[in-house]
Each structure stands twice: as structure tokens, then as C-alpha cells.
Amino acid sequence: MTFNLKMANIHVENSISINSEISKVAEVEALIDNQSAMFKFDDDVYGKLLLAVVEAVNNAIVHGNKSDSTKKVDITYIIESDFVEYRITDQGAGFDPNAIPDPTELENIEKFSGRGLFLMKNLSDEMEFSDNGRTVRLKFLLNTNDNL
């Protein structure tokens with residue numbers, strides 16, 4: 001079954017929980033693939049959504065939960081007619097996202113840290129941290145043009 005988001009008043013909200021193992025990221029990728037097929041996300045939204053959410057889940061596993069497989073990463077998603085939103089929460093100690101250096105500044109060009117947050121911010125339409133940095137909310141606006 002597929003939906004035309006333009007013609008329907010859609011509201012889907014659900015969540016999954018995964019162990020902090022990199023191999024579990026495939027479950028998140030499959031979830032996004034299924035949502036994209038079911039709700040007919042355009043390719044641009046799908047690509048941004050997939051890359052940003054996978055990066056957020058990776059960060060939660062590796063940096064938040066320190067790859068401790070006994071800790072969980074909770075992923076909540078909301079799909080509406082005009083947007084998709086993901087909230088990714090880890091069980092780590094948290095962090096200050098404002099303390100991560102801008103990877104585009106000259107002194108940081110060769111550093112690896114901060115690139116994931118930079119990607120997430122630039123791929124999503126909204127990015128917000130809460131719960132001392134343990135939760136990130138990523139929102140993606142859906143194409144509402146009538147050219148499908």
C-alpha cells in the first residue's frame with residue numbers, strides 16, 4: 001500500500017528501540033526505505049533523511065552510548081502530510097552540541113570531529129538538541145508541489 005501525502009491527511013507516529021551495535025543501523029535504513037516507498041518521498045528528501053538520520057543513530061551508538069550493546073537507542077518518528085520528523089535518543093551522559101567546533105573553519109578542516117553534526121544540520125530543515133544533548137530532533141519538510 002502506498003499513500004499520496006498531498007491527497008491525504010496523514011499522521012503516523014511510532015518508535016523503535018535498538019541495541020547500541022553498528023549492525024543495528026541496517027534496521028533504521030530499512031525503516032526509512034519502507035517509509036519512502038510507502039509515502040512516496042521524493043528522492044531529494046529520501047537522500048537527506050537517510051543520511052542525516054543514520055548519522056544521528058551512529059552518533060548515539062558510538063559517542064552517546066560508547067558502543068555499549070546493553071544500552072538502547074530510541075528512535076521516534078512522525079510522518080505528516082508536509083513533514084517527517086525523527087527523534088533519536090541515547091542513554092549516554094550527554095554533551096554540549098555548541099562545544100563542537102565548526103568543521104568548515106580553517107583550523108578544523110583536518111579534524112574529524114563535528115562533521116556528523118554539520119551534515120545533520122545542513123541536510124535537515126530543523127535540528128534541535130534536548131535532554132543535555134542526549135536527544136536530537138531532525139525535521140524534514142516534504143515536497144508539496146503538485147508535480148508528482
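Which residues form a nonpolar patch on the surface? In this predicted model, the patch consists of Leu51, Phe118 and Leu119, which together have about 240 Å² of accessible area. Patches are made of residues with over 30% relative accessible area and no salt bridge, like charges being joined within 9 Å and nonpolar side chains (Val, Leu, Ile, Met, Phe, Trp, Tyr) within 5 Å. Accessible areas come from the Shrake-Rupley method with a 1.4 Å probe, and for residues only the protein chains shown count as cover.

Residues are numbered from 1 along each chain as its sequence is written, and side-chain values use heavy atoms, with hydrogens and water left out. Because the model is predicted, local features need pLDDT of at least 70 and side-chain atom pairs count only at pLDDT 80 or more, while totals for chains, interfaces and linings use all residues.

The protein has 3 helices and 5 strands. These elements follow the order β-α-α-β-β-α-β-β from the N terminus on. Helices (H or I, at least four residues) and strands (E, at least two) are DSSP runs, numbered from the N terminus. Of the 148 residues in the protein, 37% are buried; buried means under 20% relative accessible area, exposed over 50%, and partly exposed in between (1.4 Å probe, protein chains only). The protein exposes about 8,400 Å², and carbon and sulfur atoms supply 50% of this area. Among the contacts with a separation of 6 or more, 66% join residues 24 or more positions apart, where contact means heavy atoms within 4.5 Å.

Phe118, a member of the surface patch, lies in helix α3, which spans residues 115–123. Phe118 is partly exposed, with a relative accessible area of 36%. In contrast, Gly116, Leu117, Met120 and Leu123 of α3 are buried. These four residues cover an arc of only 140 degrees around the axis, which puts them on the same side of α3; the arc is that of the directions from the helix axis to the C-beta atoms. The cover over the buried residues of α3 includes α2 (43–64), β4 (126–130) and β5 (135–141).

The largest nonpolar core holds 31 residues, and Val53, Val57, Tyr86, Ile88 and Leu138 touch the most other members. A nonpolar core is a set of buried Ala, Val, Leu, Ile, Met, Phe, Trp, Tyr and Cys residues joined through side-chain atoms within 4.5 Å. At least two residues of this core come from each of α1, α2, β2, β3 (83–89), α3 and β5. The largest share is that of α2, with 9 residues. When neighbours within four places in sequence are left aside, the contacts of Leu138 include Ala52, Val53 and Ala56, as well as Val84, Glu85, Tyr86 and Ile88. Met120, Ser124, Glu126 and Met127 are also in contact with Leu138.

Charged side chains were considered separately. Side chains of opposite charge can pair when their charged atoms come close. The structure holds 8 salt bridges, a salt bridge being a side-chain nitrogen of Lys or Arg within 4 Å of a carboxyl oxygen of Asp or Glu. One of them joins the side chains of Arg87 and Glu13 (3.8 Å, N to O). Arg87 lies in strand β3 and Glu13 in strand β1 (residues 11–19), so the pair ties together parts that are 74 residues apart in sequence. Arg87 is partly exposed at a relative accessible area of 27%, and Glu13 is partly exposed at 45%. Arg87 also forms a salt bridge with Glu85, the closest N and O atoms being 3.4 Å apart. Glu85 is buried, with a relative accessible area of 11%. Glu13, Glu85 and Arg87 belong to a network of salt bridges that also links Glu126, Glu128 and Arg137. A further salt bridge brings together the side chains of Lys24 and Glu27 (3.5 Å, N to O). Lys24 is partly exposed, with a relative accessible area of 24%, and Glu27 likewise counts as partly exposed, at 40%.

Backbone geometry was also considered in the loops. Lys40, in the loop between α1 (25–39) and α2, has a phi near 55 degrees, a positive value in a residue other than glycine. Lys40 counts as partly exposed at 47% relative accessibility. For Lys66, phi is likewise positive, near 55 degrees; this residue lies in the loop between α2 and β2 (72–80). Lys66 is exposed, with a relative accessible area of 64%.
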